[in-house]
Amino acid sequence: MTNEQLADLTQPQRDRLAFVELRVRFIGEIRRQDLVTRFGIQSAAASRDLALYKELAPGNIDYDPKGKSYVLGPDFRPVFDFPPERLLSWLTQGFGDGEPMRLKAWVASESPSRLTHPDLDVLASVTRAIHQECPLGIEYHSISSGRTEREIVPFALIDNGLRWHVRAFDRKSKEFRDFVITRIKRPVVLKGQPVAPHEASDQDIQWTRIVELELVPHPNQPRPEIAEMDYGMTGGMVKMKLRAATAGYILRKWSVDCSVDHSLRGPEYRLWLKDHLALYGVKNAVLAPGYAPLDAARAGAECD
């Protein structure tokens, strides 16, 4: 599809074609009804849009008569250049699926940029595997093990504030883990391969467990009333309900002092975790600033 061909289309048409590409690339399929539901058009118009995209971008989509849907073609090449931030917003929050365009902002603003973004082709393989509920073969690079070949069963994306992970069952270690998407290479969606019951997300204890954390102004910081204003506290406290699998990431992102005796110093520690025991059994609590496992905390108390 050339820029001239796109220029000949109306903006609503371009938005619908961009939606077709997003669905096929990152979900793996699109049906006529998806266009009807999303844009409020008639079925005949949706059929014309799909035929037009197929004509303008040969090889990008193929019709699957068995599933009565259009699926990713073997020679797929993206037509629309979606910024990673917008794409991830669409995947995780469900908006921004029209043609990517630079629009005039309503008010002046500035947001910090991430140092890194996931490769969109890798991300597309991950999200298709999630949507189609099938395993994913990957080459993974970790600090501890280096390069390894793995099969994982992914089911959710996690934004830890610094980078994107995929939560998945790892067939190599036989446990649920987080994989950094930027460390994944050569992903292959193993479509049609079965997923065992013990590999499903409802068997992931850290994912299904919800922990409630009570955060208060750090006792060693002046003017606690300012922290109450900044964090919208009620009664001098803010309560958060999080999946255990994400708790450590959130506490690190917000620089919450999780030491038993609020011993961390520095202007970044404006919050303190009131109940240290709330993190008992949370595996990634080791990421939380100042956190020490219960046994270690008891040992320290006994030594004192």
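Helices and strands here are DSSP runs numbered from the N terminus, helices being H or I with at least four residues and strands E with at least two. By that assignment, Arg223 sits in the loop between β9 (210-217) and α8 (224-230). I will come back to this residue after the overall picture.

First, the conditions. This is a predicted model, in which local features need pLDDT of at least 70, side-chain atom pairs count only at pLDDT 80 or more, and totals for chains, interfaces and linings use all residues. Residues are numbered from 1 along each chain as its sequence is written, and side-chain values use heavy atoms, with hydrogens and water left out.

The protein has ten helices and twelve strands. Its C-alpha trace spans about 75 × 50 × 30 Å along the principal axes. Of the 304 residues, 42% are buried; buried means under 20% relative accessible area, exposed over 50%, and partly exposed in between, with a 1.4 Å probe and protein chains only. As for contacts (heavy atoms within 4.5 Å), 59% of those between residues at least 6 apart in sequence join residues at least 24 apart.

Now charges. There are 41 positive and 41 negative side chains, and the centres of the two sets lie 2 Å apart. Lys and Arg count as positive, Asp and Glu as negative, while His and the chain ends are not counted. Each charge is placed at NZ of Lys, CZ of Arg, CG of Asp or CD of Glu.

Side chains of opposite charge can pair when their charged atoms come close. The rule for a salt bridge is a side-chain nitrogen of Lys or Arg within 4 Å of a carboxyl oxygen of Asp or Glu. That rule gives 17 salt bridges.

One of them joins Glu139 and Arg186, at 3.0 Å from N to O. Glu139 is in strand β4 (residues 136-142) and Arg186 in strand β8 (residues 184-189), so this pair ties together parts 47 residues apart in sequence. Are the two partners buried or exposed? Glu139 is buried, at 6% relative accessible area, whereas Arg186 is exposed, at 62%. Both belong to a network of salt bridges that also includes Arg147 and Glu149.

A second pair is Arg171 with Glu199, at 2.8 Å from N to O. Here Arg171 is in the loop between β6 (164-170) and β7 (175-180), and Glu199 is in the loop between β8 and α7 (205-208), 28 residues apart. Glu199 is buried, with a relative accessible area of 5%.

Back to Arg223. Its salt bridge is with Glu225, and the closest N and O atoms are 3.8 Å apart. Arg223 is exposed at 58% relative accessibility, and Glu225 is partly exposed at 37%. The phi of Arg223 is near 50°, a positive value in a residue other than glycine. His262 also has a positive phi, near 40°; this residue lies in the loop between β11 (256-257) and β12 (271-273) and is partly exposed at 22%.

Last, Asn160, in the loop between β5 (146-159) and β6. Asn160 is buried, at 4% relative accessibility. What does its side chain make a polar contact with? One partner is the side chain of His165, at 3.3 Å. A polar contact is a pair of N or O atoms within 3.5 Å; within protein, one must be able to donate a hydrogen and the other to accept it, and residues adjacent in sequence count only if both atoms are side-chain atoms. A polar atom of the Asn160 side chain also lies 2.8 Å from the backbone nitrogen of Leu162. Leaving out residues up to four places away in sequence, Asn160 touches His165, Tyr249, Arg252 and Lys253.
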